[in-house]
Amino acid sequence: MPNKGKTDNLIPVRSEEEAREKGQKGGIASGKARRRKKELRKELQDLLSIVTDNPKILANLEALGVPTDKGATLQTAVTASIIYQAIKGNVKAFNAIKEVLEPKGGDTGEGTNGGAVVNISIEDCSGGGEDG
């Protein structure tokens, strides 16, 4: 729906049939876009579940106190990196974490970390990680 007062450049629908055709084309395009998003989501999930043996990534995770004795997934590395950036004061990283933990829809889920206790101080994070 157009905003009020912003209808100057809109071409009105001339017939019911034309409206139906335009609606059908929009529905088809919407379906294609949803399928592309679904494929991208699946590909990201597959890639993030890969277990890495990259010594640099494992060293950075160990510097943050993340156990790596059984290896670590790329998802763990990305998540730890976002947390590290938030600790350093990156507001965008903090907001990304907050959005995952407290979605805008108001559904906060359990709202806990499963009872795990995590002690992180800024001094702990100054050693091994890269800034980027």
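**Close-ups of a predicted chain and its salt bridges**

The protein chain has an accessible surface of about 11,100 Å², and carbon and sulfur atoms make up 55% of that. Keep in mind that this is a predicted model.

**View 1. The whole chain, end to end.** Here you'll find four helices and two strands. Starting at the N terminus, the order goes α-β-α-β-α-α. Of the chain's 132 residues, 10% count as buried. Take the contacts with a separation of 6 or more: 44% of them come from residues 24 or more positions apart. The salt bridges number four, and the next views zoom in on some.

**View 2. Arg 20 meets Glu 16.** These two side chains form a salt bridge, with 3.6 Å from N to O. Both residues sit in helix H1 (residues 16-48), four residues apart, or about one turn of the helix. Arg 20 and Glu 16 are both exposed.

**View 3. Lys 22 meets Glu 18.** This salt bridge spans 3.5 Å, N to O. Glu 18 is buried because its relative accessible area, 19%, is under 20%. Lys 22, at 43% relative accessibility, counts as partly exposed.

**View 4. Lys 42 meets Asp 46.** Their side chains join in a salt bridge at 2.8 Å, N to O. Lys 42 and Asp 46 are four residues apart in helix H1, so about one helical turn separates them. Lys 42 is partly exposed at 48% relative accessible area, and Asp 46 is partly exposed at 39%.

View 5. Arg 14, Glu 18 and Lys 22 belong to one network, joined by salt bridges that share partners.

Notes. Residues are numbered from 1 along each chain as its sequence is written. This is a predicted model: local features need pLDDT of at least 70, side-chain atom pairs count only at pLDDT 80 or more; totals for chains, interfaces and linings use all residues. Side-chain values use heavy atoms; hydrogens and water are left out. Buried means under 20% relative accessible area, exposed over 50%, partly exposed in between (1.4 Å probe, protein chains only). Contact means heavy atoms within 4.5 Å. Accessible areas come from the Shrake-Rupley method with a 1.4 Å probe; for residues, only the protein chains shown count as cover.
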